[in-house]
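Welcome! Here is a friendly first tour of the side-chain contacts in this protein chain, so please have a look at it before reading on.

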Amino acid sequence: MRSDPLAYLDQDLNDMRAQGVYRPLRVLDGEQKAHTSIDHRSVVNLSSNNYLGLTTHPRLRERALEALQSFGVGTGSVRTIAGTMAIHVELERRLAVFKQTPAAVVFQSGFTANAGTVSSLLGRDDVIVSDELNHASIIDGARLSRATIKVFPHRDLAAARAILEGLPRSQRTLLITDGVFSMDGDLGALPELCDLADEFGCIMMVDDAHASGVFGRQGRGTVDHFGLHGRVDVQVGTLSKALGALGGYVAGSTSLIEFLHRRARPFLFSTSHPPSVAATCIAALDVLEQEPQWMEQLWSNTQFFKSGLQALGFDTGISESPITPVIVGDGARAMTLSDQLFEEGVFAQGIAFPTVAKDRARVRTIVTATHTRGELEFALGAFARVGRKLGIIGH
Ligand SMILES: Cc1ncc(COP(=O)(O)O)c(C=O)c1O
């Protein structure tokens, strides 16, 4: 009999079980909402990136249905052959206006926007200088580019400067940071990195996946938040988080976007968004412009919940955004905290190595604009009870 060539996978899975960090996927029974049913249990949901509650917003739903009726369910082609519909072009025009750049291009996801852009802009002779906590899609794009990758410790500007000083002045270099770091919720050192990019002539790039719809005027992101328009060459954003649907985009100069149309491999070799997704994203941009109450509510809920966790004595790290980690150290402990919260009716996912460092495992919470005060108070009550029971906070 043939022996199973994939047997080593079971070994890997068994190792995770032995370490107490293996968990089955949680399954939503209904919509992605602040209060929902997961694995047939009614829970306050603190784990989605649905910052503004747009996944179920009536205007987005209506526009998706209209586009579905008018244009069908799919595009049947990649963008460069027959898969560019007028609605894709309209979305890109709107995104460029939103980001205050001459042009924008949409990708199938934030992941492919980052990976496709970094891997096509840089090549074998180039250097990428990257914050150690940058997103996996940036890391994969950097690897695919075959450029030399130099990583500086998180937000360590002196270390970033030392790397740049060690390079020849003529070296083509990309300096890249997340706008908001997805596991710690802190902001990238964007103003200071822009100064370094100016001084050393680097291409400056930011991944604003968690900042779009959250920071800046009407959610324009960290470039707007810090007043850095015109100083960041490549801005990536996602349509999958605060904007409620799916996709990623790059905003920048016309040459950048025209280059990506012809060189970015996910754009060239993977089918474009269904028209309903593009229509949903346009509706989301309308909501950002016309309904400021969602961002206001998001920040009010963020302040309430973050200060509540801190008052209970939890270590919430250095977060400056609606992402608030509850850091417990050991991976198995984080999973136990998450499991016991779930039993209490609160879903907050445990995150362990390799997503975060081995001794920095956590439960990661994200509040949204649509959580009610009652739901957040209920969640804080559950955190207090379970945190005390597990000895994470005092009595
Ligand atoms: C910082 C960051 N960049 C990029 C992405 C990828 O975005 P998307 O989910 O649209 O692929 C994510 C999401 O997981 C993220 O957290």
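The notes below cover salt bridges, aromatic pairs and charges over rings.

This is a predicted model, in which local features need pLDDT of at least 70 and side-chain atom pairs count only at pLDDT 80 or more, while totals for chains, interfaces and linings use all residues. Residues are numbered from 1 along each chain as its sequence is written, and side-chain values use heavy atoms, with hydrogens and water left out.

**Salt bridges**

- There are 22 salt bridges in the structure, a salt bridge being a side-chain nitrogen of Lys or Arg within 4 Å of a carboxyl oxygen of Asp or Glu.
- One of them joins Arg26 to Asp39, with 3.2 Å between the closest N and O atoms.
- Arg26 sits in the loop between α1 (7–19) and β1 (35–38), and Asp39 in the loop between β1 and β2 (41–45), so this pair ties together parts that are 13 residues apart in sequence. (Helices, H or I with at least four residues, and strands, E with at least two, are DSSP runs numbered from the N terminus.)
- Arg26 is partly exposed at a relative accessible area of 29%, and Asp39 is partly exposed at 30%. (Buried means under 20% relative accessible area, exposed means over 50%, and partly exposed is in between, using a 1.4 Å probe and protein chains only.)
- Asp286 and Arg63 also meet through their side chains in a salt bridge, at 3.2 Å from N to O.
- Asp286 is buried, with a relative accessible area of 10%, whereas Arg63 is partly exposed at 27%.
- Another salt bridge brings together Asp208 and Lys99, whose closest N and O atoms are 4.0 Å apart.
- Here too distant parts of the chain are linked, 109 residues apart, with Asp208 in the loop between β7 (203–207) and α8 (222–225) and Lys99 in helix α3 (residues 86–99).
- Both ends are hidden away: Asp208 is buried at 0% relative accessibility, and Lys99 is buried at 1%.
- Through shared partners, salt bridges join Arg23, Arg26, Asp39 and Asp339 into one network.

**Aromatic pairs**

- The count of aromatic pairs is five. (Rings of Phe, Tyr and Trp, the last by its six-membered ring, pair if their centres lie within 6.5 Å; planes under 30 degrees apart count as stacked, over 60 as edge-to-face and the rest as tilted.)
- Phe305 and Phe383 have ring centres 6.3 Å apart and planes at 70°, so they are edge-to-face.
- This pair connects distant parts of the chain, 78 residues apart, from helix α12 (residues 293–312) with Phe305 to helix α14 (residues 373–389) with Phe383.
- Phe314 and Phe383 are edge-to-face as well, at 5.6 Å centre to centre and 80° between the planes.
- Phe314 lies in the loop between α12 and β10 (323–329) and Phe383 in helix α14, so their pair ties together parts that are 69 residues apart in sequence.
- Phe305, Phe314 and Phe383 form one aromatic cluster.
- Phe305 and Phe383 are both buried, with Phe383 at a relative accessible area of 0%, and Phe314 is buried at 6%.

**Charges over rings**

- The charged end of Arg17 sits over the Tyr22 ring, 4.2 Å from its centre. (This requires NZ of Lys or CZ of Arg within 6 Å of the ring centre and within 35 degrees of the ring normal.)
- Arg373 lies over the face of Phe304, 4.3 Å from the ring centre.
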